[in-house]
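The sequence and the structure come first, and the text follows them.

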Amino acid sequence: MLKVVRQIGQTLYRIWFYILVAIPIIIFSPVLVVFASKETWYPQFFWMARNLWAKPILYGMFCFPKVTYEQRLIKKKSYMLVANHTSMLDIMLMLVVSKNPFVFVGKKELVKIPLFGFFYKRVCIMVDRDNTQSRTGVYRRAQKRLQQGLSICIFPEGGVPEEHVLLDKFKDGAFKMAIAHKIPVVPMTFYDNKERFSFTFFSGGPGKCRARVHKFVETHSLCPEDTVKLKTNIRETILNDLTTNS
């Protein structure tokens, strides 16, 4: 009986999450459509996504963000933001962590999500990981965004790992891009999002959402041949932190 009650509660919790995701989009959709129509208006779109969408979702789910900064982002400077990926809450928490406007690089499959997908395809950089031409196009679009003073965010695992995997292998893309554009890599650890709202249906619940922003890794002196070393160092930083503090 207790298990049934818990599952009902977790089901209602998930339904509430999707309601919170949809309501701000519906309410502010006319303004969002305007800001999404021109790339130069993206900072205004980002501000709304951060303050009128991500924060209400997290606090509405009683998932309280607690961010520790080992180094602060400098306003109007571009970065490569990377973190471990375990939950849909990672998107909201990343928006809370960074006041600097950034653009997500993500899977094209997310376009299929109702409402969210409409804006996702207009303001994010989509990639088909099975298509070489698509992956190449990401670099061109990312360069354009960086020239506009924005940052880029990539979850380098390339997706959400299986339940038993603490941190999956990293793809090269984020680190190649950071070296090519000589922007600092900002490693982040998200500790609690899997526990708060994982992709397992009957799971999750309110609580803190801790994040740590580690010291940045500069890429000015790096060349393409350093990609694997950079990737390995960043992954070890996040993995060691997860192992110690999860």
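The buried residues of helix α3 are L89, D90, I91, M92, L93, M94, L95, V96 and V97, where buried means under 20% relative accessible area, exposed over 50% and partly exposed in between, with a 1.4 Å probe and protein chains only. Nine of the nine residues of α3 are thus buried, and the helix is mostly covered. Helices (H or I, at least four residues) and strands (E, at least two) are DSSP runs, numbered from the N terminus.

The model is a predicted one, in which local features need pLDDT of at least 70 and side-chain atom pairs count only at pLDDT 80 or more, while totals for chains, interfaces and linings use all residues. Residues are numbered from 1 along each chain as its sequence is written, and side-chain values use heavy atoms, with hydrogens and water left out.

**Helix packing**

Two packed helices are described by the angle between their axes and the distance between the axes. Here the axes are lines fitted to C-alpha atoms, for helices over the stretch in contact, and angles run from 0 to 180 degrees between N-to-C directions.

| Helix pair | Axes come within | Crossing angle | Hand |
|---|---|---|---|
| α1 (residues 2-36) and α2 (residues 42-60) | 10 Å | roughly 165 degrees | right-handed |
| α2 and α3 (residues 89-97) | 9 Å | roughly 125 degrees | left-handed |

A crossing is left-handed if the near helix is turned anticlockwise from the far one by less than a right angle, and right-handed if clockwise. Angles under 35 degrees count as roughly parallel, over 145 as roughly antiparallel, 65 to 115 as roughly perpendicular and the rest as oblique. α1 and α2 are therefore roughly antiparallel to each other. For the second pair, the axes of α2 and α3 cross at roughly 125 degrees, so α2 is oblique to α3.

Contact means heavy atoms within 4.5 Å. The contact of α2 with α3 is made by F46, A49, R50, W53, A54, K55, I57 and L58 of α2 and L89, I91, M92, L93, L95 and V96 of α3. By class, these residues are twelve nonpolar, no polar and two charged; Ala, Val, Leu, Ile, Met, Phe, Trp, Tyr, Cys and Pro count as nonpolar, Asp, Glu, Lys and Arg as charged, and the others, Gly among them, as polar.

Between α1 and α2, the α1 residues in contact include W16, F28 and F35, and those of α2 include Y42, F45 and M48. This contact has 18 nonpolar, two polar and no charged residues.

F35, in helix α1, counts as partly exposed because its relative accessibility is 22%. Apart from its neighbours within four places in sequence, F35 is in contact with W41, Y42, Q44, F45 and M48.

Seven strands form an open sheet of mixed pairing, in the order β1-β7-β6-β2-β5-β3-β4. β1 (63-69) and β4 (125-127) stand at the edges with a single partner strand each, so one side of each lacks a neighbour in the sheet. From one strand to the next the twist averages 25 degrees.

Two strands pair if DSSP finds at least two bridges between them. β1 pairs with β7 (residues 207-213) in the parallel sense over seven bridges, and F64 stands opposite K208 in β7. β3 (residues 102-107) has five of its six residues buried. Three bridges join β3 to β5 (residues 151-154) in the parallel sense, with V103 opposite I152. β3 and β4 also run parallel, over three bridges, and the bridge partner of V105 in β4 is I125.
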